[in-house]
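Subject: Structure handover

Hello,

I am passing the structure on to you, along with notes on what was found in it. Please look through the sequence and the coordinates before reading on.

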Amino acid sequence: MLRTRLITAAAILLTSPVLEAQSGIATNSPNGAPLSTRVVAYTIDARLDTDKKYLDATETVTYKNLTGQPLATVPFHLYLNAFRPGSTFTRETHFNGGVRDSEADNDYPAEKLGSITISHIDADGYGDLTSAMHFIAPDDGNAQDHTVTEITLPHPLAPNDSIIFHLAFQDQFPLSVARNGYKRDFIMGGQWYPKPGVFWHGAWNCHQYHSTTEFFSDFATFNVTLTLPRRYVVGASGVPTGELVNANGTPNGTRTLSFYAEDVGDFAWAASPNFTVTDGVYLSSLGPVKVHVLALAAHPKAGPRYLDIARKSLAFFEQHYGPYPYKLLTVIDPEPGSEIGGMEYPTLFTGDTSWYDPSYITELTIEHEFGHQYWYGMVATNEFEDAWLDEGINSYTEVRALGAILGRDTSVFNRSYANASDYELQRFEYLSQPDYDPVTRWAFKFRDSDSYGRITYGKSATLLATLEGLIGRDTLDEAMRTYFLRYRFTHPTTEDFLRTIEEVAIKNGRAGVTGGTVDSSTHYTEQNQYHVVFETDKASHAASATDAAGLMKLHPELDSLFNSPDHQSVFPVSSLRPFFDQAVYGTQVLDYAIDGIYSNPVQWWLPEPKDKKQIQYLSTVYLRRKGDFILPVTAEIVFDDGTRLREHWNGVDRWTKFTYTRNAKVISVEIDPDHVVLLDANLFNNSYTIDRNPIPARKLSNIWLSFNQLVAQLVAWVV
Amino acid sequence: MLERRNIFIHGLSLTLRRLPALLWTYAFNLALAFLFSIPFNLQISALLNHSLAAQRLSSGFDLGPIAETYLHLHEGPIRDAGGEFGHTSIPLYLIVYFFLVPGTLFCYQTNAPARLSTLLQQGLLYFWRFFRITLLTLIVSGLVLGPLYFLQGKWADHVDDHIVGRHAFLATLAGNIVLFLVASILRLYFDLVEVYTVQLGLHLRPAVFGTKARPDRRVRRALGPAWRTLRSHFSQAWPVFLFLTLVGFAAVVLTARTSMHMLAQPRVWPTFLLAQLGLFLMLLTRFWQRGAETSLALQNPIPAPSLPPILPIAGVVNPNDPLHPGRRIQLTPEQHTHPPTHEPISNPEPAPPSLDAPDPGVFHHEPTKPPQ
């Protein structure tokens with residue numbers, strides 16, 4: 001063990017200077033080239049009053065117009081203004097529930113008031129723009145919502161030109177409501193500075209802050225200095241670049257910390273006087289990654305636990321999807337009871353634990369938030385509109401990674417007497433509210449926060465796990481890796497993701513081509529729903545699709561579709577489309593069931609012979625589609641002579657039956673015998689066995705009985 | 001002078017001597033829960049018994065299928081049978097308990113055998129008195145514990161503002177322990193009120209103006225003696241009460257934990273037996289507490305009311321008449337020096353007359369005398 005550590009340390013020492021010369025400042029980018037299209041450059045100089053939870057800052061924003069068209073306005077996010085009673089965020093949280101604090105009370109506590117105020121803004125060549133600034137509410141027209149401000153430029157910003165804004169702004173951090181703010185003497189600087197929207201698909205995309213939404217921003221560089229009391233320990237996005245102890249000579253004096261981040265969409269920091277440091281290194285294929293854990297002293301076990309699972313997650317993701325390209329990964333342990341735990345920012349995220357955690361929830365949180373470095377951090381999807389692409393894909397990879405690290409069936413709880421797994425947790429979440437919304441619904445248009453959470457996390461993870469079963473784990477892994485490598489440092493959409501899966505599945509012969517084509521510019525929105533012809537019969541033959549070469553021979557038109565320079569945006573529609581149409585774009589619920597099994601003597605009127613093997617039975621098996629989701633079904637029929645048969649049903653009709661005349665009775669039938677269709681809403685009715693096993697029911701009944709007795713005895717203490 | 005006995009030992013002795021009272025209570029606790037868990041059992045049996053997916057619960061205890069079972073309990077023709085009927089056993093048990101407790105206390109105090117008929121008969125007699133005591137308990141507990149609960153909330157907020165981790169947990173726990181200790185004193189006091197109420201019911205209220213003497217049903221008359229007994233024997237009664245409470249809860253926790261560790265086994269009876277053992281021990285300690293409280297009350301009885309003099313029938317003067325108000329009962333020296341060795345509660349029935357010599361007016365069969 002010690003030897004391994006020495007070798008690791010030596011490797012770091014030897015390789016670091018070399019890599020330093022070649023890589024970026026904050027990334028292990030080969031040759032030091034930018035990894036992303038850096039649209040914005042921020043320079044922020046901030047001073048934090050830790051007593052008043054108040055921050056005073058100046059900010060320089062250099063925005064490069066890469067939109068290809070002149071820009072007359074620039075919108076800015078002012079997220080901290082969500083924490084006031086009249087905001088859309090608080091209104092939605094109050095009435096429909098929030099993903100964190102509920103704000104269900106009829107008074108809004110003063111300590112939860114947060115704000116961000118731009119006291120001055122000007123731009124080089126544009127003059128003072130303070131008066132040109134006005135709040136807008138593009139989503140709901142709420143005049144009391146001040147989370148987006150728009151600046152009308154005196155003259156348009158030409159394509160490929162840059163504009164340099166100079167701002168002075170002040171933050172008042174609230175007692176944490178969601179993701180940022182303070183708790184005790186811990187302060188989380190998340191979404192704390194004015195940030196331009198993203199010009200995307202021909203328009204500014206700058207949504208208000210909603211109770212269920214997260215964020216969306218362009219890739220950028222950040223030069224940030226933060227001045228705060230010396231006793232505070234700070235973790236931040238990017239890498240630390242300097243520290244200056246301010247010469248005011250008192251123990252309560254301040255220091256100024258500098259940070260630099262590149263190829264990231266956001267910058268966050270966390271400060272607490274109670275942090276203890278646990279550091280480690282992960283050697284990625286691009287270079288060493290330092291894992292910097294800042295855990296509370298009150299959680300003595302958190303540091304090693306965080307570090308261990310973070311390193312294992314780095315290894316899993318590199319092996320399956322691609323390398324983590326940044327030099328530093330900072331893990332923050334927030335104050336217990338805050339609404340800040342389990343939140344992702346580029347190269348920094350918060351964990352969530354307690355002084356006693358016998359489960360793997362601590363590991364689950366770290367793995368999940370680390371996964372966001374890929375699905376949000378690098379593959380920077382629009383979290384307002386395609387929340388499932390970050391939270392959903394990330395929940396799926398969380399299940400995969402935790403299953404590999406902690407065991408598939410024991411990834412949440414692992415004791416000799418009981419166990420729980422992450423995939424079951426996601427499934428349970430989905431099944432508790434399965435059909436109000438499709439996963440592709442914009443995050444703030446879900447029925448409520450419950451539906452948002454259960455669909456975006458639970459259903460997405462479950463449908464991708466089902467897809468894994470349908471096209472094979474290797475194929476989906478390859479598709480995910482392709483998706484990551486192809487779309488990292490860009491802003492892909494749902495169709496980009498689905499088409500990547502189709503492409504790899506077709507290439508690997510795990511999906512067929514149903515003939516239609518779709519222009520990639522087609523973008524699914526609430527207003528413009530994407531339609532695919534639903535061809536069930538073709539879908540049922542997905543498993544029989546040929547490999548890529550054979551496919552091209554069978555469908556020569558595909559070659560031109562894939563390779564024609566004039567039609568690079570045209571893609572084949574695969575046999576997976578019906579699945580996507582229902583599972584991704586639809587709200588159908590999948591439930592197939594065994595409706596009955598019967599075995600009777602063919603010659604029923606004859607007396608039963610002594611040798612029962614001589615009896616010929618007519619056996620009938622009925623399968624039923626109870627849900628409105630149609631999927632081809634495999635059923636395994638087992639006879640009492642040991643014979644096992646597998647039957648396939650296209651699943652379209654409401655029911656089907658299989659009949660057999662054999663010298664054996666059917667003893668059990670199971671739909672989906674390989675247990676790959678986790679979207680099935682009821683796994684219990686997927687099988688029926690003649691042999692009755694009362695133990696499971698008795699176990700639960702016994703618990704129920706004892707629980708009721710105990711409660712009765714406790715209630716009786718009033719007498 | 002009354003004999004002083006250790007209430008802990010004497011309480012156990014009373015409990016064991018009247019064991020059927022405990023057994024009947026436990027039987028009702030189990031039977032009601034069992035009865036009302038049948039729909040639940042039927043529903044999940046229909047779901048699980050023939051499903052291969054449920055096998056993971058047979059040789060293991062996977063929380064995933066259990067969570068899914070919970071979701072499917074809301075489906076089917078007997079929709080949520082477990083939820084709708086499963087908890088009905090709790091209020092029913094509470095009602096039965098209202099009958100059984102007075103009966104048990106009656107048997108503890110009178111040496112009457114704890115037959116179910118006796119328990120229920122006495123329970124019926126005392127039902128409304130105990131109902132009033134329970135109401136009073138709730139009101140007083142609300143008045144006392146309510147503000148304390150509020151203060152505990154403030155304390156927890158204060159702790160939450162300044163401390164985290166294990167220390168915060170312990171500090172908050174300390175507040176909850178204070179709340180528990182105060183609640184235990186209240187419970188002990190009202191337990192004593194119940195014991196004295198039963199004791200009072202054994203006394204006859206003096207007849208007034210032609211009305212017949214009848215049992216004393218005034219709950220308020222039990223409040224004072226209970227308070228005085230609690231105050232004067234607090235250091236003896238409270239530790240015993242607390243100890244038995246903690247032993248009862250510890251038994252449940254220990255057996256629940258042990259049976260939990262058996263959940264993965266493909267058999268149910270060990271977990272069932274262990275759980276039932278814990279629940280029985282919890283009930284036993286509660287009845288032991290009742291026994292200890294009864295012992296305390298027997299050693300500090302409410303004085304029996306003095307009955308008004310029964311006047312002789314006009315015109316008949318017989319100085320030897322045992323009912324003559326002027327007649328003095330001759331006590332033997334033994335009766336003067338020894339306190340009663342049985343229960344110190346006086347029998348409410350009047351003492352049988354004791355004559356110096358057989359009443360000549362009454363025929364007495366004397367076998368030594370030849371028949372006349």
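Predicted model: local features only at pLDDT ≥ 70, side-chain atom pairs only at ≥ 80, totals over all residues.

Chain A overall

Chain A has 719 residues, of which 60% are buried. Its secondary structure comes to 15 helices and 34 strands. If we take the contacts in chain A between residues at least 6 apart in sequence, 74% of them join residues at least 24 apart.

One sheet can be described strand by strand. It is an open sheet of 5 strands in chain A, with mixed pairing and the order β19-β20-β21-β23-β22. β19 (275–284) and β22 (344–345) are its edge strands, each pairing on one side only. β22(A) runs antiparallel to strand β23 (residues 348–350) of chain A, and 2 bridges join them. Here A:Glu344 stands opposite A:Phe349, a residue of β23(A).

The interface between the chains

On the chain B side 83 residues are in contact with chain A, and on the chain A side 57 residues are in contact with chain B. Together the two chains bury about 6000 Å², with 66% of that on carbon and sulfur atoms. Three residues, B:Asn49, B:His50 and B:Leu52, supply 11% of the area that chain B buries against chain A, more than any other three residues.

There are 33 residue pairs in polar contact between chain B and chain A, counting pairs with both residues at pLDDT 80 or more. Several helices of chain B give two or more residues to the side that touches chain A, among them α2 (19–48), α6 (116–162) and α10 (269–299). The most comes from α2(B), which gives 12 residues. By type, the residues on this side of chain B divide into 43 nonpolar, 27 polar and 13 charged.

The interface also holds 4 salt bridges. One of them joins the side chains of B:Arg56 and A:Glu424, at 2.2 Å from N to O. Another joins A:Lys183 and B:Asp160, at 3.0 Å from N to O. This second pair crosses from strand β9 of chain A, where A:Lys183 lies, to helix α6 of chain B, where B:Asp160 lies. A:Lys183 counts as buried because its relative accessibility is 11%, under the 20% cut-off. B:Asp160, at 29% relative accessibility, counts as partly exposed.

Other salt bridges

Over all chains, the search of the whole structure finds 36 salt bridges. Within chain A, the side chains of A:Glu214 and A:Arg179 meet in one, at 3.6 Å from N to O. A:Glu214 is in the loop between β13 (203–205) and β14 (220–229) and A:Arg179 is in the loop between β8 (162–172) and β9 (181–183), so this pair ties together parts of chain A that are 35 residues apart in sequence. A:Glu214 and A:Arg179 are both buried.

A:Asp437 and A:Arg441 form a further salt bridge, with the closest N and O atoms 2.7 Å apart. A:Asp437 is buried, its relative accessible area being 2%, whereas A:Arg441 is partly exposed at 24%. In chain B, salt bridges that share partners join B:Arg187, B:Asp191, B:Glu194, B:Arg286 and B:Arg290 into one network.

Two sites in chain A

A:Thr256 belongs to strand β17 (residues 254–264) of chain A. With a relative accessible area of 14%, A:Thr256 is buried. Its side chain makes a polar contact of 2.8 Å with the side chain of A:Thr227 and another, of 3.2 Å, with that of A:Asn246. Leaving aside neighbours within four places in sequence, the residues in contact with A:Thr256 include A:Thr225, A:Leu226, A:Gly242 and A:Leu244.

A:Tyr108 sits in the loop between α2 (88–96) and β4 (115–123) of chain A. A:Tyr108 is also buried, with a relative accessible area of 18%. The side chain of A:Tyr108 reaches the backbone oxygen of A:Lys112 at 2.9 Å. A:Pro85 is 23 residues from A:Tyr108 in sequence, yet their C-alpha atoms are 6.4 Å apart in space. Not counting residues up to four places away in sequence, A:Tyr108 touches A:Pro85 and others including A:Phe83, A:Glu103 and A:Val177.

Regards

Conventions:
Residues numbered from 1 in each chain as written. Chains lettered and ligands numbered in written order. Heavy atoms only, no water. Helix = DSSP H or I, 4+ residues; strand = E, 2+ residues; numbered from the N terminus. Buried < 20%, exposed > 50% of the residue type's maximum accessible area, 1.4 Å probe, protein only. Polar contact = N/O pair within 3.5 Å; in protein donor to acceptor, adjacent residues only side chain to side chain. Contact = heavy atoms within 4.5 Å. Buried area = accessible area lost by both parts, 1.4 Å probe. Nonpolar A, V, L, I, M, F, W, Y, C, P; charged D, E, K, R; others polar. Pairing = 2+ DSSP bridges.
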